[in-house]
Amino acid sequence: MRKIGKYLLSVLPLLVMLMIQVVFSLGISVRYILMYGVEEGGVLYMENVSGVLALIHGINLLIMGFWYYLLAIHRKKKAGASLAGLFDWKCIGYIVMLGFGAQLLISLLMGAWQLLSPEMMAEYNEMMEESGIAQISILSILSTVIFAPVGEELVFRGLTLEYLKRAGARFWVANVVQALFFGIAHMNLIQGSYAFLLGLLCGYVVLKYDSIAAGIALHLIFNAYGTFVTPVLNLLFGGADAEWSVLSNIIYYVVCIVLGGILFVCGLRFVKKDLKTKAAE
């Protein structure tokens, strides 16, 4: 029963994170409505959605950071264990390769979604536009590139993994469960599908390096690529001419397969080699 209880505790960070999002987004929207009325308040809320998201992600980061400190960091300090584990900034290049490779390969998944369900993809793109994530601004960068990845790593690769490890979950069981929770947290099938894959990758480096810093670095790089590089690629390969559009899409997906595969495989091999070298020291 005690072991089952620890497994159930692993769901708690996800539930708390969702509660933070609902309570604060609802509270802010009610404030706008009380101050400006239903119609104008709703419009102002949507116009300032980037700021709202940045605030919510910032609050989530602070709460989860304090929770993770009490659960894991404080315990490690008392035991005299290294907080960084096997991760150091010398291997950041491998993490960059993994992040860029993952983004390119996930572009293939998005292409598959477009072919299989264009209606669902259109809804997803509309949701991204309305959330302000697709627009580059100081607040959206702060929210998407810094607050969200750090806070989410604390929730899933920090708290959730910590509870699963204490429950005695095996490596891949713990990794799949936390990645599944990470996918569910996005509350959207398309976003949740690639979030699950990213969660597996982040969980892998966190568990292998025994350091949440590895997951934070990978998640930051992944989101930064999506924020800064993806819009540029969309401009380069999104020609208005129909024939060119088909050709450009073919070129784009070939590049994704080749370059993404090379970066991902090489990054993974370098990580394994780095871990093997550090284990032998």
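**Close-up 1. Packing of helix α5 against helix α10 in the predicted model.** In this predicted model, helix α5 (residues 92–116) and helix α10 (residues 212–237) pack with their axes 9 Å apart and at an angle of about 50°. That angle makes α5 oblique to α10, and the crossing of the two helices is right-handed. On the α5 side the contact is made by I92, I95, V96, L98, G99, F100, A102, Q103, L104 and I106, and on the α10 side by A214, A217, L218, I221, F222, Y225, G226 and T230. Sorted by class, the residues of this contact divide into 14 nonpolar and four polar, with no charged residue among them.

**Close-up 2. Packing of helix α7 against helix α9.** The axes of α7 (residues 138–166) and helix α9 (residues 189–209) come within 11 Å and cross at roughly 60°. Here too the angle has a name, since it makes α7 oblique to α9, and the crossing of α7 and α9 is right-handed. E153, R157, L161 and K165 of α7 make the contact with G199, C202, G203, V206 and L207 of α9. By class, the contact of α7 with α9 has four nonpolar, two polar and three charged residues.

Close-up 3. E162 lies in helix α7, where it counts as buried because its relative accessibility of 14% falls under 20%. When its neighbours within four places in sequence are left aside, E162 is in contact with L71, A72 and R75.

**Close-up 4. The stacked aromatic pair of Y94 and F270.** The count of aromatic pairs in the model comes to 12, and one of these is formed by Y94 and F270, whose rings lie 5.3 Å centre to centre with 20° between the planes, so that the pair is classed as stacked. The pair links distant parts of the chain, with Y94 in helix α5 and F270 in helix α11 (residues 242–280), 176 residues apart.

**Close-up 5. The tyrosine cluster around Y32.** Ring pairs link Y32, Y36 and Y45 into a cluster. Y32 is found in helix α2 (residues 12–36) and counts as buried, with a relative accessibility of 14%. Although Y32 and Y45 stand 13 residues apart along the chain, their C-alpha atoms are separated by 6.7 Å. With its neighbours within four places in sequence left aside, Y32 is in contact with G37, G41, L44, Y45 and N48.

Close-up 6. Most residues other than glycine have a negative phi. M187, which is not a glycine, has a positive phi near 55°; its place is in the loop between α8 (171–185) and α9, and at 64% relative accessibility M187 counts as exposed. D210, likewise not a glycine, has a positive phi of about 55°. The place of D210 is in the loop between α9 and α10, and its relative accessibility of 38% makes D210 partly exposed.

Key: Residues numbered from 1 in each chain as written. Predicted model: local features only at pLDDT ≥ 70, side-chain atom pairs only at ≥ 80, totals over all residues. Heavy atoms only, no water. Axes fitted to C-alpha atoms, helices over the stretch in contact; angles between N-to-C directions. Helix = DSSP H or I, 4+ residues; strand = E, 2+ residues; numbered from the N terminus. Parallel < 35°, antiparallel > 145°, perpendicular 65-115°, else oblique. Left-handed = near helix turned anticlockwise from the far one by under 90°. Contact = heavy atoms within 4.5 Å. Nonpolar A, V, L, I, M, F, W, Y, C, P; charged D, E, K, R; others polar. Phe/Tyr/Trp six-rings, centres within 6.5 Å; stacked < 30°, edge-to-face > 60°. Buried < 20%, exposed > 50% of the residue type's maximum accessible area, 1.4 Å probe, protein only.
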